[in-house]
Amino acid sequence: MVNIQRVQLWRKYILAAGLAVMLAWTATVRAVPYLEHPVEHLGLVCILACILGRAWCSLYIGGRKKQEIVDVGPYSISRNPLYVFSFLGAFGVGAQTGSLVVAVVFAAAAYVVFRVVVGREEAFLLQAFGSPYEAYLSRTPRFLPNLSLWRDADVLSIRPVFFLRTVRDGLVFLLAVPVFESLELLQRVGGFTSLFQLP
């Protein structure tokens, strides 16, 4: 039987280790000067969209993933909208280097991690809910939203603690701004040598 808490803990460890590796790599990368600021601004927009999107999703899921099948709102068009917004946030974090290539690598790395995690979560939910969840799997895309499937709820039962925790977790994405600005400063003063210039 799949242990969902272990899956979530594993996800956090892998993300932390992956982030450390990515930070070490990006310390050796410098952006193409004329793209740097537009890419950073695009990244900031993506991070803000990630924070708002994850908060919106949390209004619907509210910590109920293990108790019921949530298939309304963003969960009617994608089985994992929280992760979809996290991909956007990962792109935005990578974009704080000023490089589109690094932004895409960050988003792809997040996809790889979440793809594995989602497989385990789905196995747990299939065991827990059986055929109703199987029907949800068959009609709703795993990641890429299908807007034509949109269904909403008349009333939402909101859990403020879960909402606030999701917002707090999302705000961590904003740490990318000072972190990458500091790395850029260290490159300029000679603390790190940039080995690559990437668009």
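# Legends for close-up views of a predicted model

**View 1. A nonpolar surface patch including Val179.** Val172, Leu175 and Val179 form a nonpolar surface patch of about 250 Å². Patches consist of residues with over 30% relative accessible area and no salt bridge, with like charges joined within 9 Å and nonpolar side chains (Val, Leu, Ile, Met, Phe, Trp, Tyr) within 5 Å. Accessible areas come from the Shrake-Rupley method with a 1.4 Å probe, and for residues only the protein chains shown count as cover. Valine 179 lies in helix H8 (residues 176–189). Helices (DSSP runs of H or I, at least four residues) and strands (runs of E, at least two) are numbered from the N terminus. The relative accessible area of valine 179 is 34%, so the residue is partly exposed. Here buried means under 20% relative accessible area, exposed means over 50%, and partly exposed is in between (1.4 Å probe, protein chains only).

The model is predicted: local features need pLDDT of at least 70, side-chain atom pairs count only at pLDDT 80 or more, and totals for chains, interfaces and linings use all residues. Residues are numbered from 1 along each chain as its sequence is written, and side-chain values use heavy atoms, with hydrogens and water left out.

**View 2. The whole chain, for orientation.** The chain contains eight helices and two strands, which follow the pattern α-β-α-α-α-α-α-α-α-β along the sequence. Of its 199 residues, 42% count as buried. The chain exposes about 10,700 Å², of which carbon and sulfur atoms supply 68%. Among contacts (heavy atoms within 4.5 Å) between residues at least 6 apart in sequence, 84% join residues at least 24 apart.

**View 3. Serine 78 in the loop between H3 and H4.** Serine 78 is placed between helix H3 (74–77) and helix H4 (81–95). With a relative accessible area of 1%, serine 78 is buried. Its side chain reaches the backbone oxygen of phenylalanine 143 at 2.8 Å. A polar contact is a pair of N or O atoms within 3.5 Å; within protein, one must be able to donate a hydrogen and the other to accept it, and residues adjacent in sequence count only if both atoms are side-chain atoms. Not counting residues up to four places away in sequence, serine 78 touches Val84, Tyr136, Thr140, Pro141, Arg142, Phe143 and Pro145.

**View 4. Glycine 62 in the loop between H2 and H3.** Glycine 62 belongs to the loop between helix H2 (33–61) and H3. The residue is buried, at a relative accessible area of 0%. The C-alpha atoms of glycine 62 and isoleucine 158 are separated by 6.2 Å, although the two residues are 96 residues apart along the chain. Apart from neighbours within four places in sequence, glycine 62 is in contact with Arg159 and Phe162.

View 5. With a disulfide taken as a pair of cysteine sulfur atoms within 2.5 Å, the count comes to zero disulfides. Cysteine 50 is in no disulfide, and the nearest cysteine sulfur, that of cysteine 46, is 9.2 Å away. Cysteine 50 counts as buried at 0% relative accessibility, and cysteine 57 is buried with a relative accessible area of 0%.

**View 6. The salt bridge between aspartate 71 and arginine 139.** The structure holds five salt bridges, each defined as a side-chain nitrogen of Lys or Arg within 4 Å of a carboxyl oxygen of Asp or Glu. In one of them, the side chains of aspartate 71 and arginine 139 meet at 2.8 Å, N to O. The pair links distant parts of the chain, 68 residues apart: aspartate 71 is in the loop between H2 and H3, and arginine 139 is in helix H6 (residues 131–139). Arginine 139 counts as partly exposed, at 41% relative accessibility.

**View 7. The salt bridge between glutamate 122 and arginine 142.** These side chains meet at 2.6 Å, N to O. This pair also links distant parts of the chain, with glutamate 122 in helix H5 (residues 100–129) and arginine 142 in the loop between H6 and helix H7 (160–171), 20 residues apart. Glutamate 122 counts as buried at 9% relative accessibility, whereas arginine 142 counts as partly exposed at 23%.

View 8. Aspartate 169 forms a salt bridge with arginine 168, with the closest N and O atoms 3.1 Å apart. Aspartate 169 is partly exposed, at a relative accessible area of 34%.
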